[in-house]
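Thanks, everyone. I will take one structure and go through a few of its local features, with the picture up on the screen.

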Amino acid sequence: MHTDQAFMARALELARKGLYSTHPNPRVGCVILRDNKIVGEGWHARAGEPHAEVYALRQAGELARGATAYVTLEPCSHHGRTPPCADALIGAGVSRVVAAMQDPNPAVSGSGLLRLMNAGISVQSGMLEAEARALNEGFIKRMEHGLPLVRVKMAMSLDGRTAMASGESKWITGPHARSAVQRLRAQASVVLTGADTVLADDARLTVRPDELGLNGELSALAERRPPLRVLVDGRLRVPLTAAFFQAGPALVATCAAASARDNYLSEGHELLAVPGSSGHVDLRKLLLELASRGANEVLVEAGPKLAGAFARQGLVDEYQIFMAPKFLGSGARPLLDLPLARMAEAQALEIIDMRAVGDDWRIIARPQIAPAAE
């Protein structure tokens with residue numbers, strides 16, 4: 001059992017190499033073991049390229065016959081952009097497959113493991129499942145609920161302020177924190193912001209490879225798969241001359257009339273009409289649309305109004321809060337526009353992680369789900 005865990009842990013380590021590049025696919029790693037020796041390893045790097053099992057089997061060659069395959073996600077059983085991995089494992093003659101978890105994709109969902117069993121292969125599932133699920137939370141949520149995982153990133157002072165009253169906010173946090181934010185962007189399928197942020201900060205919301213702090217291979221993969229930049233601009237207040245639009249193709253979600261669509265298209269952008277009220281985009285409907293386009297993880301980098309709207313509507317899965325050791329004063333802007341009148345209305349959070357990032361601190365927190373009423 002301990003041996004199985006060690007080799008599955010190695011497969012998970014390989015899978016993490018795809019953290020910045022596999023969108024919209026899950027991150028998957030595979031290890032082929034024969035005579036207690038690793039003879040093949042692989043990980044999925046990009047959609048459309050071979051899956052982890054294929055790379056591992058190629059490396060193992062004939063040594064795969066009679067071997068054990070450790071894979072972090074159930075081998076696929078359907079034809080997508082690549083052939084089924086279950087068939088590749090069967091064809092290679094492996095005798096045992098250990099999977100960390102079943103594939104939440106309804107097109108697979110157990111059928112890959114069943115195909116292996118029907119071929120006479122010994123199958124086990126559930127090894128280090130919690131770790132495997134944590135690696136693909138966005139993919140799992142999209143498959144099971146039709147929504148992406150939503151992270152809200154915020155930077156604040158020790159007194160909980162995000163900008164001076166004037167809107168000035170550069171820079172609250174230091175270079176190490178900004179590098180961590182760049183990795184969050186690179187990991188996301190979508191980076192989403194609002195008109196207020198773009199207008200106030202002249203924000204571009206791009207991934208800057210020189211600030212990622214990754215090795216050459218991972219940095220190159222991240223650069224080749226930039227996240228989709230989405231601007232929530234209900235009244236189309238941000239001009240097409242803004243730096244945000246000059247930084248590359250973007251999607252603009254708006255409640256405004258679609259008559260402006262051609263202007264955006266001619267500049268290489270997409271204008272998406274989303275229902276809303278009082279000029280405010282329906283954020284849940286926007287998230288459903290993004291998920292239908294394959295978005296697993298959405299990173300929200302916005303001001304207190306839009307971030308507060310996500311919080312009020314219960315759409316946030318995780319907060320990534322970067323806290324700088326400084327005070328901005330009582331006149332500065334708050335972290336969230338979240339008007340609450342009573343202590344009973346306070347939104348309880350569970351702190352998942354808290355650690356120093358350079359001179360700053362990063363707090364990862366998740367909303368606590370209230371227990372169901374009896």
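I start with a handedness: helix 3 and helix 4 cross in a right-handed sense. Please keep in mind throughout that this is a predicted model.

Two packed helices are described by the angle between their axes and the distance between those axes. For helix 3, residues 85-92, and helix 4, residues 111-118, the angle is about 20 degrees and the axes are 9 Å apart. Angles under 35 degrees count as roughly parallel, so helix 3 is roughly parallel to helix 4. Which residues make up this contact? From helix 3 we have A86, D87, L89 and I90, and these meet G112, R115 and L116 of helix 4. Sorted by class, the contact of helix 3 with helix 4 holds 4 nonpolar residues, 1 polar and 2 charged.

Now to the packing of helix 3 with helix 2, which spans residues 52-60. Here the axes come within 9 Å and the crossing angle is roughly 20 degrees. Helix 2 and helix 3 are therefore also described as roughly parallel to each other. The crossing of helix 2 with helix 3 is left-handed. On the helix 2 side the contact residues are E53, V54 and L57, and on the helix 3 side they are C85, A88, L89 and A92. This contact of helix 2 with helix 3 comprises 6 nonpolar residues and 1 charged, with no polar residue. Note that L89 of helix 3 is listed in the contact with helix 2 and in the contact with helix 4.

Next, empty space. Rolling a probe the size of a water molecule over the atoms shows where such space is left. How many cavities of 30 Å³ or more are there? The count is 1. The largest cavity has a volume of about 70 Å³. Its lining consists of T22, H23, N25, R27, N136, G138, F139, Q187, S189, N296 and E297. What classes do the lining residues of the largest cavity fall into? There are 8 polar residues, 2 charged and 1 nonpolar.

H23, one of those lining residues, also takes part in a backbone feature: the peptide bond joining H23 and P24 is cis, with omega about 0 degrees. P24 sits in the loop between helix 1, residues 2-15, and strand 1, residues 29-34. As background, most residues other than glycine have a negative phi, and most peptide bonds are trans. D35 is not a glycine, yet its phi is positive, about 55 degrees. You will find D35 in the loop between strand 1 and strand 2, the latter being residues 37-43.

R46 is in the loop between strand 2 and helix 2. Setting aside neighbours within four places in sequence, R46 contacts S21, L221, R224 and R225. From R46 to I140 is 94 residues along the chain, and their C-alpha atoms are separated by 18 Å.

The other residue is W171, in the loop between strand 7 (161-163) and helix 7 (175-187). With neighbours within four places in sequence again left out, W171 is in contact with R178 and K326. W171 and A324 are 153 residues apart in sequence, while their C-alpha atoms are 9.8 Å apart in space.

That is what I have; I will take questions.

Conventions
Residues are numbered from 1 along each chain as its sequence is written. This is a predicted model: local features need pLDDT of at least 70, side-chain atom pairs count only at pLDDT 80 or more; totals for chains, interfaces and linings use all residues. Side-chain values use heavy atoms; hydrogens and water are left out. Axes are lines fitted to C-alpha atoms, for helices over the stretch in contact, and angles run from 0 to 180 degrees between N-to-C directions. Helices (H or I, at least four residues) and strands (E, at least two) are DSSP runs, numbered from the N terminus. Angles under 35 degrees count as roughly parallel, over 145 as roughly antiparallel, 65 to 115 as roughly perpendicular and the rest as oblique. A crossing is left-handed if the near helix is turned anticlockwise from the far one by less than a right angle, and right-handed if clockwise. Contact means heavy atoms within 4.5 Å. Ala, Val, Leu, Ile, Met, Phe, Trp, Tyr, Cys and Pro count as nonpolar, Asp, Glu, Lys and Arg as charged, and the others, Gly among them, as polar. On a 1 Å grid over the protein atoms alone, a cavity is a set of points where a 1.4 Å probe fits but cannot get out, and a pocket is an open set with protein on both sides within 12 Å along at least five of seven lines; lining residues have an atom within 4 Å of a point. Grid points are joined across faces, edges and corners, and a volume is the space filled by probe spheres set on the points.
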